[in-house]
Amino acid sequence: MMNELLLKFAKQAGLKGQDETWISQGEAEFAKLIIQECCKMMIDLEIRYPANLTVREIKRHFGVDQ
């Protein structure tokens, strides 16, 4: 499940009002796809930059499962 950080970002982006307390399934899936793409890029670039631990921490930070 997505964590409160995604709700905070949705509010900052103007997608949610300050009084809203949840994000829709579609919004959560959109965020998950962006995070997964970022993590994939990090893994693909691991030859130049060690990324596997960073990817795990990014996913944990955003509450995105493998």
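**Exercise 1. Salt bridges in the chain**

The structure holds 4 salt bridges, a salt bridge being a side-chain nitrogen of Lys or Arg within 4 Å of a carboxyl oxygen of Asp or Glu. Before we dig in, note that this is a predicted model, where local features need pLDDT of at least 70, side-chain atom pairs count only at pLDDT 80 or more, and totals for chains, interfaces and linings use all residues. Residues are numbered from 1 along each chain as its sequence is written, and side-chain values use heavy atoms, with hydrogens and water left out.

*Task.* Take the salt bridge between the side chains of Glu27 and Lys16 and find which parts of the chain the pair ties together.

*Solution.* 

Step 1. The N to O distance between Glu27 and Lys16 is 3.1 Å.

Step 2. Glu27 lies in helix H2 and Lys16 in the loop between H1 and H2, so the pair ties together parts that are 11 residues apart in sequence. Helices here are DSSP runs (H or I, at least four residues; strands are E, at least two), numbered from the N terminus.

Step 3. Now check accessibility: buried means under 20% relative accessible area, exposed over 50%, and partly exposed in between (1.4 Å probe, protein chains only). Lys16 is buried at 11%, while Glu27 is partly exposed at 25%.

**Exercise 2. Salt bridges within a helix**

*Task.* For the salt bridges Lys40 to Asp44 and Glu57 to Arg60, work out where the partners sit and how exposed they are.

*Solution.* 

Step 1. Lys40 and Asp44 meet at 2.8 Å, N to O. They are 4 residues apart in helix H2, which separates them by about one helical turn.

Step 2. Lys40 has a relative accessibility of 46% and counts as partly exposed; Asp44 is likewise partly exposed, at 46%.

Step 3. Glu57 and Arg60 meet at 3.0 Å, N to O. Both lie in helix H3 (residues 52-62), 3 residues apart, about one turn of the helix.

Step 4. Glu57 is partly exposed at 37%, whereas Arg60 is exposed at 56%.

Step 5. To finish the picture, salt bridges that share partners join Lys16, Glu20 and Glu27 into one network.

**Exercise 3. A buried lysine**

*Task.* Lys11 is buried yet has no salt bridge. Which backbone atom does its side chain reach?

*Solution.* 

Step 1. Look for a partner of opposite charge, with Lys and Arg counted as positive, Asp and Glu as negative, and His and the chain ends not counted.

Step 2. Turn to the backbone: the side chain of Lys11 reaches the backbone oxygen of Gln18 at 3.1 Å.

**Exercise 4. The second largest pocket**

*Task.* Describe the lining of the second largest pocket and say which helix gives the most to it.

*Solution.* 

Step 1. On a 1 Å grid over the protein atoms alone, a pocket is an open set of points where a 1.4 Å probe fits, with protein on both sides within 12 Å along at least five of seven lines; lining residues have an atom within 4 Å of a point.

Step 2. The volume is about 200 Å³, meaning the space filled by probe spheres set on the grid points, which are joined across faces, edges and corners.

Step 3. The lining includes Leu6, Phe9, Leu15, Glu27 and Phe30. By class it has 9 nonpolar, no polar and 1 charged residues.

Step 4. Helix H1 (4-12) and helix H2 (25-44) each supply at least two lining residues. H2 gives the most, with 5 residues.

**Exercise 5. Overall layout**

*Task.* Summarise the fold pattern, then compare sequence and space for the pairs Pro50 with Phe30 and Leu5 with Thr21.

*Solution.* 

Step 1. The chain has 3 helices and 0 strands, following the pattern α-α-α along the sequence.

Step 2. Its C-alpha atoms fill a box of roughly 45 × 20 × 15 Å, taken along the principal axes. Of the 66 residues in the chain, 27% are buried.

Step 3. Pro50 sits in the loop between H2 and H3 and is exposed, at 73%. Pro50 and Phe30 are 20 residues apart in sequence and 26 Å apart in space, C-alpha to C-alpha.

Step 4. Leu5, in helix H1, is buried at 18% relative accessibility. Leu5 and Thr21 are 16 residues apart in sequence and 11 Å apart in space, C-alpha to C-alpha.

Note on methods: Nonpolar A, V, L, I, M, F, W, Y, C, P; charged D, E, K, R; others polar. Polar contact = N/O pair within 3.5 Å; in protein donor to acceptor, adjacent residues only side chain to side chain.
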